[in-house]
Number of protein chains: 2
Amino acid sequence: MSETTRGPKAGKTVTLREVSEAAGLGMSTVSRVLRNHGSFSAETRARVIQVVDELGYVPNRVAGALASAGSNLVGIVIPSLHNIVFPDLLSGAGRSLDPLGYQSVIGVTDYDLGREEVLIQSMLAWRPAAFLVVGLEHTEKTRSMLVGSGVRVAELLDTDGEGIDLVVGFSQHKAGAASARHLLEKGYRRIGYIGPAFDADSRSAKRYEGFRTVLSQSGIALADMELIAGTSSTEAGRAALERLLARGKKLDAVYFSNDDFAMGGLFHCIVSGISVPSQLAIMGFNGLDIGRFAPQPLTTVMTPRAEVGEIAASLILEGGPPTVVEVAFELIAGATS
Amino acid sequence: MSETTRGPKAGKTVTLREVSEAAGLGMSTVSRVLRNHGSFSAETRARVIQVVDELGYVPNRVAGALASAGSNLVGIVIPSLHNIVFPDLLSGAGRSLDPLGYQSVIGVTDYDLGREEVLIQSMLAWRPAAFLVVGLEHTEKTRSMLVGSGVRVAELLDTDGEGIDLVVGFSQHKAGAASARHLLEKGYRRIGYIGPAFDADSRSAKRYEGFRTVLSQSGIALADMELIAGTSSTEAGRAALERLLARGKKLDAVYFSNDDFAMGGLFHCIVSGISVPSQLAIMGFNGLDIGRFAPQPLTTVMTPRAEVGEIAASLILEGGPPTVVEVAFELIAGATS
DNA sequence: CACTAAAATGGCAGCGCTGCCAAATACAGC
DNA sequence: GCTGTATTTGGCAGCGCTGCCATTTTAGTG
């Protein structure tokens with residue numbers, strides 16, 4: 001930590017003024033070259049680039065953002081990192097953000113809307129260019145901060161409800177409904193459900209609603225359900241199915257709120273000698289790679305999370321009008337139903 | 001986008017000056033209250049909080065950071081989001097960062113050191129409080145920027161080499177070596193390897209080196225290997241094992257560079273009727289939940305990535321001296337070896 | 001009750017950059 | 001060569017906040 005000659009001009013940070021002095025040019029000229037904005041001669045450009053390189057100048061965007069009242073930061077708020085959906089979403093968003101030089105500031109709420117509020121408030125303090133948030137459910141204060149800030153907002157992965165500005169995703173309700181129709185078509189009638197606590201994950205709750213609605217329409221009631229507290233995991237899904245089956249409701253199918261749980265359920269069946277799907281059908285949600293390439297591919301719904309991230313990020317930065325963009329999900333009939 | 005009365009004082013952003021005027025106090029006093037720094041009376045505090053609330057004031061950290069030459073941003077640069085290791089790392093880092101009010105600016109390199117350089121340079125422009133980067137390998141320019149910037153840096157998940165400042169992780173070489181010893185102890189002799197291209201992922205390459213070194217010491221050569229281009233996935237692992245076995249080298253064990261690949265390999269065996277481990281042993285790396293709770297638990301090495309993230313973030317913010325912190329990995333003998 | 005130490009507050013320069021405008025220079029056409 | 005227009009450049013205010021210091025207020029003491 002006591003380098004003296006490491007890197008060009010180590011220790012003291014180089015400023016625009018120093019660059020301009022060393023180059024014998026005005027600050028504004030240097031600034032224009034660096035931002036490639038406004039006009040300047042080719043020689044000036046070369047001179048600036050050379051000096052910048054010599055001095056190892058790194059522009060201070062903090063000052064830049066303050067002066068120009070705008071940053072290249074995009075705030076992204078997601079519920080979790082333990083569910084592959086959200087890393088995939090980030091990844092997709094990155095595909096749009098990176099080429100344009102935007103940077104992601106990421107916050108994780110743990111499915112807590114209060115925490116979301118706090119995160120958004122503190123991100124707002126950086127005056128980001130835009131916000132990407134998950135879902136349409138927010139606290140009243142979050143909503144008003146977002147609206148009042150004037151920052152563009154994209155709400156992702158859910159189109160069942162009122163959005164603030166841009167909404168990109170699919171109907172969770174319809175996804176649940178499609179899953180129910182699939183199981184009904186396949187002839188299952190004594191169906192159970194396993195998912196996270198409803199108050200935690202509203203998208204999962206909406207899928208459940210869609211699922212149950214379709215069952216009702218066919219005069220069928222959900223036979224049983226088991227709710228899971230905590231993170232999505234194989235382990236939790238496996239244990240939950242065991243508990244569910246132990247109640248002896250003679251189920252012929254179980255709908256899992258996501259593939260992590262579903263894989264756990266499938267594993268429980270394998271271990272317990274329950275034949276899938278002849279004794280019990282299993283259906284998941286999300287279309288995880290591991291489920292799709294398992295020996296017995298999981299019946300699931302492939303969700304377009306990376307596309308949602310990519311589309312949302314690009315639309316929000318393009319500055320178009322508030323819209324709702326539906327991105328299709330796809331039911332994948334595997335070998336577990 | 002044309003709200004007029006949404007939120008308190010929508011449209012125009014409220015500044016510190018306005019708050020101070022509304023409260024009948026000086027700007028510095030309000031600032032002190034807001035940062036809970038310096039001294040002020042209880043009444044003043046109450047007054048400020050009330051006015052802030054009424055006006056919906058959100059401090060502008062851009063200005064704050066410029067004035068105080070320091071931000072609450074932490075730059076985190078990871079190679080990928082498709083390998084669970086990195087989301088877990090972020091998650092761990094968040095456990096340390098969040099309570100202290102730090103925010104993560106995240107960049108993904110796709111295992112490209114050139115891209116890492118670009119990302120770090122542009123993050124440096126925000127004058128972050130610290131950097132968390134993965135691995136010890138960087139371009140010369142990245143290194144000198146990092147050193148020259150004076151920002152604290154933690155290099156993660158690898159301790160085999162020279163660090164810049166703080167290093168938190170474990171020896172990838174030793175992890176590979178431990179894996180080799182495990183397979184040798186179990187009596188396997190014709191061992192194959194499946195992993196990503198060596199130039200892409202240096203940590204994976206180091207594990208491979210450690211693995212091969214131990215084999216050599218026992219006079220055993222690696223029987224065969226198959227390298228994979230692209231993302232870690234079940235699909236890729238499954239296909240790679242198929243290709244590897246097709247070459248007819250009569251392997252009795254395969255060491256996979258990570259659990260995603262290994263699960264794919266395991267699936268290939270199940271589908272092809274290859275009995276595991278009697279005909280072929282399979283070993284992975286990372287200790288994924290899904291492998292550990294599979295009917296036939298995967299032999300793997302559990303890596304402490306979340307702890308690494310957490311420890312690194314807390315140490316780097318505490319401001320202690322440069323150190324190397326070793327966090328233990330654990331070999332988990334499953335049922336596939 | 002004057003007198004000092006401590007607590008609370010206000011004023012103001014300046015962080016490093018950008019936006020605006022004016023000045024200087026280059027390039028036309030006649 | 002000279003005026004008119006386009007292109008390059010420089011100067012400077014100010015973005016909103018913090019750090020420092022001076023000032024005022026309050027509490028404490030003999």
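Visitor: How much area do chain B and chain A bury between them?
Guide: This is a predicted model, in which local features need pLDDT of at least 70, side-chain atom pairs count only at pLDDT 80 or more, and totals for chains, interfaces and linings use all residues. Buried area is the accessible area (1.4 Å probe) that two parts lose on being put together, summed over both. Of the area here, 64% is on carbon and sulfur atoms. The total for chain B and chain A is about 5400 Å².

Visitor: Which three residues supply more of the area that chain B buries against chain A than any other three?
Guide: Contact here means heavy atoms within 4.5 Å, and it takes 58 residues from chain B and 58 residues from chain A. Three residues of chain B supply 13% of the area that chain B buries. They are Trp126(B), Arg127(B) and Phe293(B).

Visitor: Which residue of chain A forms a salt bridge with Arg115(B)?
Guide: A salt bridge is a side-chain nitrogen of Lys or Arg within 4 Å of a carboxyl oxygen of Asp or Glu. That rule finds two across the interface of chain B and chain A. In the one formed by Arg115(B), the closest N and O atoms are 3.3 Å apart. The partner is Asp98(A).

Visitor: Which helix of chain B gives the most residues to the side that touches chain A?
Guide: Helices (H or I, at least four residues) and strands (E, at least two) are DSSP runs, numbered from the N terminus. Several elements of chain B each supply at least two residues to this side, including helix 5 (85-97), strand 2 (103-108) and helix 6 (113-124). The one that gives the most, with six residues, is helix 6.

Visitor: What stands opposite Val105(A) in strand 2 of chain B?
Guide: Two strands pair if DSSP finds at least two bridges between them. Strand 2 (residues 103-108) of chain A is joined to strand 2 of chain B by three bridges, and the two run antiparallel. Opposite Val105(A) stands Val105(B).

Visitor: Where does Pro277(A) lie, and what is omega for the bond that joins Val276(A) to it?
Guide: Pro277(A) is placed in the loop between helix 11 (259-272) and strand 9 (281-283) of chain A. The bond between Val276(A) and Pro277(A) is a cis peptide bond. In chain B, a cis peptide bond joins Val276(B) and Pro277(B), with omega about 5 degrees. For the bond in chain A, omega is about 0 degrees.

Visitor: Over which residues of chain A is the pLDDT below 50?
Guide: pLDDT is the predictor's confidence in each residue, from 0 to 100. Chain A has a mean of 94, and 97% of its residues reach 70 or more. Where pLDDT is low, the predicted coordinates should not be read in detail. In chain A the pLDDT is below 50 over residues 1-10.

Visitor: How are residues numbered along each chain?
Guide: Chains are lettered from A and ligands numbered from 1 in the order in which they are written, while side-chain values use heavy atoms, leaving out hydrogens and water. Along each chain, as its sequence is written, residues are numbered from 1.
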